[in-house]
Amino acid sequence: MRTFFRSSYTSLVCALAVGLQACGDGLPQVEEGQQPPVAPAAVVSQALQSGALDDTQDILTALQAIPGLTVVREGPTRFPGTRFFVLSYDQPVDHKRPEVRRFQQRITLLHRSTQAPMVLASSGYGIGTSSTQFEPTALLQANQLLVEHRFFAPSSPQPATYEHLNLEQAAADHHRIVKAFKALYGGKWVSTGGSKGGMTSIYHRALFPRDVDATVAYVAPNSYGPKDPRYIQFLSRVGDAACRERIKAFQRDVLARRDELTPLVVESVTAQGLSLDFLGADKALEFAVLELPFSFFQYTPVEFCTFVPSPGAPTPEVMEAMEGIVGFSNFTDPVLDYYAPYYFQAATQLGSYRSDERHLRDLVQYPGQYVARNMVPFSMEGYDFNYWSMPLIEAWVKALGERILLVYGENDPWSTGAFEVRQRNDSYRFFVPGGTHGSSISSLPEADRAVALERLATWAGVSPAAQEQVSLKARALAAGQEPFDPIAHDRRKRPLME
C-alpha cells in the first residue's frame, strides 16, 4: 500500500510539473595562501565531465568551463578563506520548449573548496552582488550558490511573459543549475532559503527530490488560496490581548485622520524620490493600515507594543510609527514594479493572507481590495489562481519529504501556514519561542538547536568528530559574533536589490 501511494503521488507531483523534467569524495584542500596552478580550459572541461576536478585546479578556470555559465566578475569577500564570484547562467524561458527563448539568470558563488558541502540558497526575489552567507553556509563552512529568482531584474526575459513565471519553471531553473555545478562540487548539497526563498527551496525539492541531500527552510509559509482566513485567526491570538487592542485602536485612529495624513504620505514618498501613481496616496494609506498588525508581529518583539501610538497622538508620532512598522515606500510605483513577480505568483499559485477589516468597516473605503492581485502593476486578465499547486506540495512535504528542517517564529504571522513534516522521514520542524520573521537555527532553544545542528551536520556529511565545530559556530552566530543572513532576501524592511 505504501509503495502504491508513493508511486501514485510521484505521478501526481510530476503532473504538477506540467511536463518538466522532474521527478565522490573530494581531494585535500589547498593550504591557505597557496596559489594553485591554473589548468587550461580544455583540461578543466574534461575534468568536469569526468567529475574528477579537485582543489589543485583554479576555480575561476573551472567555472569558465561550465557550459552556459558566464563569470561576470570576481569580487571582494568578507569571509576569510573564500572567493566570491558574480555569475550568469543561460536558462530557457520555458523549460518545455528550451529552443524558443532564453534569458540570463544571475547567481553568486561563495567558494571555499570543491571538497566542502554546497549550500544552494534561494532568494525567492532578486539578489545583491556583494558577498553574503546564509546560516547553513556559516554553520557548515560550506560553499554557497545564491540564485536570483526568475523574472526579478536582471534575471528576466525581455519582454517578460508572465505565463512562464510559476513554481514549476523556477524549480527547473534550480535543477539545471544543480546539474551544471555538481561535477565541480561533489560533496553533499543542502538547499536553503528564508521566507519566499524557503518556499522556493521546498518547491524545488518537491519537484526534483534527488537534486540535493537535504533542505533547510526558514519561516516558509504555506497559504490556502489568495485570501487565506487562517491568518486572521492567528493574529487574533498572537501576543497578548492588550497589545492587539492597542494596534486596532491605532488603525482606527489613522483611518479616522485620513484627510490629515494622506497629504503627508505624499510628502514622505516624494521626499524619497518615489511616486504613488498606481495606487494613489489614499489607497496606499488604507492598505498600509490594513498591513499594520501583520507587519508588526512579523518583525517586532511584542514588548515593543507600548511604542504603538495611542489614539490622538501627535501627527509626527503617528507618521513615524506607520513608517517604522509598515513603510509607505512599500506601496510606491518603483517598489510595486520591482516586486510585481512576487505579487503575480501570490495571486496565481502561492497564495497570501486575508486582512481583518471587521473593526474598520465604517472607515475603509476600499473593502476587500488589499490582495496580491491588486498590487500587480499590470493587467491580470486571464490569470486565475491555481488551487491545486499548494495542496500537492504540502502533501508531498508531509508524506514524503525526507531530510527537511523547518524553522519558524512563534509570533511570526507567516507561521500560520507552517508546513508539516514527519520525523520518521528524518524531517523536523521547530518554532523559536516568541520568534519573529528573522528566526534561525541559532536562536532555537538549546535542546531543539542541538537536534537541528546534529541532523544538519549529518546530512551535510560532517564527521561526528567535527560536529562540535558546527555547534561552536551556532553559538557565535547567536551571539552576533559572525555575520549571516537567516532570511537575507525578504520582501519588506530592506532596500531594493541592485
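Analyst: Axes here are lines fitted to C-alpha atoms, for helices over the stretch in contact, and angles run from 0 to 180 degrees between N-to-C directions. Helices (H or I, at least four residues) and strands (E, at least two) are DSSP runs, numbered from the N terminus. The model is predicted: local features need pLDDT of at least 70, side-chain atom pairs count only at pLDDT 80 or more, and totals for chains, interfaces and linings use all residues. Residues are numbered from 1 along each chain as its sequence is written, and side-chain values use heavy atoms, with hydrogens and water left out.

User: Why are α8 and α10 called roughly antiparallel?

Analyst: The axes of helix α8 (residues 241–256) and α10 cross at roughly 165° and come within 10 Å. Angles under 35 degrees count as roughly parallel, over 145 as roughly antiparallel, 65 to 115 as roughly perpendicular and the rest as oblique. The two helices are therefore roughly antiparallel to each other. Their crossing is right-handed, that is, the near helix is turned clockwise from the far one by less than a right angle. On the α8 side, the contact (heavy atoms within 4.5 Å) is made by Cys243, Arg244, Ile247, Phe250, Gln251, Val254 and Leu255. Residues of α10 in this contact include Leu285, Val289, Phe296 and Phe297.

User: What classes of residue make up the contact of α8 with α10?

Analyst: The residues divide into 12 nonpolar, 1 polar and 2 charged. Ala, Val, Leu, Ile, Met, Phe, Trp, Tyr, Cys and Pro count as nonpolar, Asp, Glu, Lys and Arg as charged, and the others, Gly among them, as polar.

User: What makes the packing of α15 and α16 oblique?

Analyst: Helix α15 (residues 446–459) and helix α16 (residues 467–478) pack at about 130°, with axes 10 Å apart. The crossing of α15 and α16 is right-handed. Arg449, Leu453, Glu454, Ala457 and Thr458 of α15 meet Gln467, Val470, Ser471 and Ala474 of α16. By class, this contact has 4 nonpolar, 3 polar and 2 charged residues.

User: What makes α6 mostly covered?

Analyst: In α6, 12 of its 12 residues are buried, among them Lys196, His204 and Arg205.

User: Why is Ser268 called buried?

Analyst: Ser268 has a relative accessible area of 18%, which lies under the cut-off, and Ser268 is therefore buried. The residue sits in helix α9. Ser268 and Met319 are 51 residues apart in sequence and 9.1 Å apart in space, C-alpha to C-alpha.

User: Where is Leu274, and which residues does Leu274 touch?

Analyst: Leu274 lies in the loop between α9 (258–271) and α10 (281–299). Leaving aside residues up to four places away in sequence, Leu274 touches Val269, Ser329, Thr332 and Pro334.

Methods
Buried means under 20% relative accessible area, exposed over 50%, partly exposed in between (1.4 Å probe, protein chains only).
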